[in-house]
Structures are given as C-alpha cells and as structure tokens.
Amino acid sequence: MNCAEARDLVHLYLDQELDLVRVVDVDKHLQSCAACRALYDEQRALRAAVRRDAGYHRAPAELRERLRFSLRGQADEPARPRARWQRRWNIAVAIAAAVVLSVSAVLYLAVPTPQNRLVDDLLSSHVRSLMANHLADVASSDQHTVKPWFDGKLDYSPPVEDLTAQGFPLIGGRLDYVHDRPVAALIYRHRLHVINLFVWPGESGREQKLRAFTRQGYNLLHWAQGGMEFWAVSDLNEAELKQFVDKISAMSAPRQN
Amino acid sequence: MKDDPRTRELAAQHHARRFEELALPHLDAAYNLARWLTRNDHDAHDVVQEAYLRAFKFFDGFHGDNARSWLLAIVRNTCYTWLQQNRGLRVNTSLDDLPDSGAADAPLVSGQPCEDGPEKLMLREDDRALVNRALEQLPEEFREVLVLKELEDLSYREIAAIAGIPLGTVMSRLSRARKLLHKHLQTLVRET
C-alpha cells in the first residue's frame, strides 16, 4: 500500500468501516510511514476534539410534552362520530383506491423485464458487497492470485486484469450469485469508490456495445466481448466508470479464452 | 364491527402509542441534527415538531427495522425544506461533482504526498468553544455528515440512508468535511 492509498483509507480506518484485510494493510503502512502516521494521529485528535467539545443539543422537555400532546390529539380525531353518508363516501373512496391500486399493481408487475431484474440484482449485489467484510472472498491485488482462486468454483475462467498503474487497483475477487447463476465479481477501487465488475459467459456469444444504466445514484455499464458478459457497477461518475471499462475492454481483447 | 367508533378509537390510540414508543426515544438525535442544521433553538423546535407530525402521517408506510434512520431522514428533509423556504439559502449539492482529489483538497494535501504533514493543531482548554464555531461555519452538507458521524456515531451505511446519498459520497464528504473543519479550526486558533 502506498501513501496515496493509505490517505484515501485513513478515514474509513478511523471510523472502523474497513474490512479486516484492508485494516491490516493500513496498519502495516502506518507503522512504516511516519508522515502518514502523523496524518492519522492528527485526524484522530481532531475526531476526539469534536466528540469531546461539540455541543450535543438535547430536545427540551417542553417539546417532548407538546409532541405527545399533539400526537394523541391526531389519534383522537378519526374517532369522532361521522355522518352516515360520510362513512359511505369513505367506503366508496376506499374501493376506488383499491381498484386503482390493483390496476397499477398489474401494470407495475408487468413492467420488470429480465433486463430490469438483472440490473436490480447487480445493484443489490454491489451494495451488499460494500458491507463490512463482504467485499472480497479472496483479497489480493495480484491478478495471478485472484484468477486461479475461481478455478473449481465456476465452470469458466474470468479474465482478471490488473489496472493499478491506470489508477484502478484490483482489490480482490468474490463468488456471487446473480440472476440465478454463480458469477465472478472482481473488485476494483478508484479513489474511495468501489467498482464491482461482474463477469460470466454470454448465452449468445455475441459482441455487444456498451450500454449505460443508472439506478439510485449508481452507474451500471454493460457490454459483451469475447463470449463474456461484463457489468461494471459503482457509485463512481459515469465518465470515470467508462474510462475503467475502456481499459478493461482493451486489455481483455487481445487474449480471449 | 370495524366501523364501530369505539373500535376505531382504540385502534387509533394503539397506532399513536406505537409511534410514540418508536419515535420519541430518538427525539434527542432528531433535535440535535435539526439544531445543528438550523443553528438556532427556535427553528430546530419548529422543524422537529413538523417532522414528527409528518413521520406520524407516513408511519403506516414504515416497515423497516431502523426507526432512527427513517426519522432522521425525515428530520433532515424537513430541515432542508425549511432552510430553502425561510432563508432563501442556496442548498449546494454541486460540491460532490468536483473530483475527490481536486480543488477542495488542494490547500491541505499539496506537494509531495509523504513529505508535508498538515500543520499541527493544538487545542487549549479555552479553545473548546472554537470547535462549535468551526463546525457551524461548515456548509450544511459537511456539517450534517460530521454531526451524524461524530455526535450520533452512525455508520456510513446509516448516514447514506439518512442523507439519501451513495456510500462513496458519504466517504468523500466526510473526509472533505474533516479537512475543512481542520482548516477552520486552524484559522480560529490563529485569530484568538
């Protein structure tokens, strides 16, 4: 781990948001680099000062009482006796609403295409992977460690490229389950952003041009090349994610399996 | 039976009590966030009250297991709506569009990455009030992530849910917030 990487991760380290493997990496770096160690100590001191000195504003007792009072008042309101016509009207509205809801439910259920479901699957897999200790099954920045790790776990061998020099260090690999099949997930990082690259053999074997999707602030890029389907998922902006994809795509091209 | 006024009344009371049990324990956290975002007691009071009534209205739709995050997200949104309406403040969301290692970082991490540590920050006992002042000076986006992280000790995941931003944005905002806070503090210490 170099200084730039350590500095990127120092806040996550401080906030205990790193997985164990990277904690060990940062530990090692901090022990050997006095400058980064000084930066870390300083951030730790700043954090301690904020936690100690910044005012915590507790809610005034009067607000608590007032809220209790107005919540109970709201709860009592519907209990007032109503005219019979009003009740009938309420029932009519409820039936109308139920009809509208079920119609829109049918429409809504009709909408998800296999493509949409796949995109949602990939996104939740990406988000799940960001939870502590779930990022990588095999944590290594060495492509020759990550690639063989998939042997015997998948019936295909995903292309694993190292893009450290281009600013996208490989973090590791993970076996994931997407769209009813086990797939290889390769994890890369760009600054503080994690990129999950999902790879599996395509059914048609056709080449496919790059297509972009956006969901909940995440970017997903899909393409097919050399018989493989590729999906890159990240909260990185689309332009930089596209740079990453271009590099992967260029490196995968000359040595197709 | 369902239309019986007595049954309805009991159901409504039960509903309100369940909301109270779930929401009132987080009132301090709600108030603290609103107080830091609005920067005064009177407004924090109004915002929290409005947010709680709003939350109660939408309580039927809450099926999650993290009531605190759900409530704080509503408090936060109410704060921002309030800030926009009452002060005509421009809520700046374009800060995240800057590249992470770009302009915002430049003053603190410049030159050789491993050569120059930032200037040492020494806080004396009577400088303590400065932390509050420095924090108040931060733009809202930065202030809120620091308050949620340092004062409420929430995880990045919870902060992401409350602020409605991706995890990566929580990380970069937090690291920039700390750099900026550090800078403000240095300036304040030098002035005193």
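Because the model is predicted, local features need pLDDT of at least 70 and side-chain atom pairs count only at pLDDT 80 or more, whereas totals for chains, interfaces and linings use all residues. Residues are numbered from 1 along each chain as its sequence is written, and chains are lettered from A, with ligands numbered from 1, in the order in which they are written.

**View 1. The elements of chain A and chain B.** Chain A has 8 helices and 7 strands, while chain B has 8 helices and 0 strands; helices (H or I, at least four residues) and strands (E, at least two) are DSSP runs, numbered from the N terminus. Buried residues make up 32% of the 257 residues in chain A and 35% of the 192 residues in chain B, where a residue is buried if 20 or more other C-beta atoms, placed from the backbone, lie within 10 Å of its own, exposed if 12 or fewer, and partly exposed in between.

**View 2. The side of chain A that touches chain B.** In this interface 48 residues of chain A are in contact with 52 residues of chain B, two residues being in contact if their C-beta atoms, placed from the backbone, lie within 7 Å. Helices H1 (3-14), H3 (34-53) and H4 (61-76) of chain A each supply at least two residues to this side, with H3(A) giving the most, 12 residues. By class, the side comprises 24 nonpolar, 8 polar and 16 charged residues; Ala, Val, Leu, Ile, Met, Phe, Trp, Tyr, Cys and Pro count as nonpolar, Asp, Glu, Lys and Arg as charged, and the others, Gly among them, as polar.

**View 3. The packing of H1(A) with H2(A).** H1(A) and helix H2 (residues 20-32) of chain A pack at an angle of about 120 degrees, with their axes 10 Å apart; axes are lines fitted to C-alpha atoms, for helices over the stretch in contact, and angles run from 0 to 180 degrees between N-to-C directions. That angle makes H1(A) oblique to H2(A), given that angles under 35 degrees count as roughly parallel, over 145 as roughly antiparallel, 65 to 115 as roughly perpendicular and the rest as oblique. On the H1(A) side, A:Ala6, A:Leu9 and A:Tyr13 meet A:Arg22, A:Val23, A:Val26 and A:His29 of H2(A), a contact with 5 nonpolar, 1 polar and 1 charged residues.

**View 4. Nonpolar cores.** Of the 92 residues in the largest nonpolar core, A:Ala232, B:Ala30, B:Ala34, B:Val48 and B:Val75 touch the most other members; such a core is a set of buried Ala, Val, Leu, Ile, Met, Phe, Trp, Tyr and Cys residues joined through C-beta atoms within 7 Å. Helix H8 (residues 167-191) of chain B gives the most to this core, with 8 residues. Not counting residues up to four places away in sequence, B:Ala34 touches B:Ala44, B:Val47, B:Val48, B:Val75 and B:Cys79.

**View 5. The packing of H5(B) with H8(B).** Helix H5 (residues 128-137) of chain B packs with H8(B) at an angle of about 130 degrees, their axes lying 9 Å apart, and the two are therefore oblique to each other. Residues of the contact include B:Leu130 and B:Val131 of H5(B) and B:Leu181 and B:His184 of H8(B); by class, the contact divides into 8 nonpolar, 2 polar and 1 charged residues.
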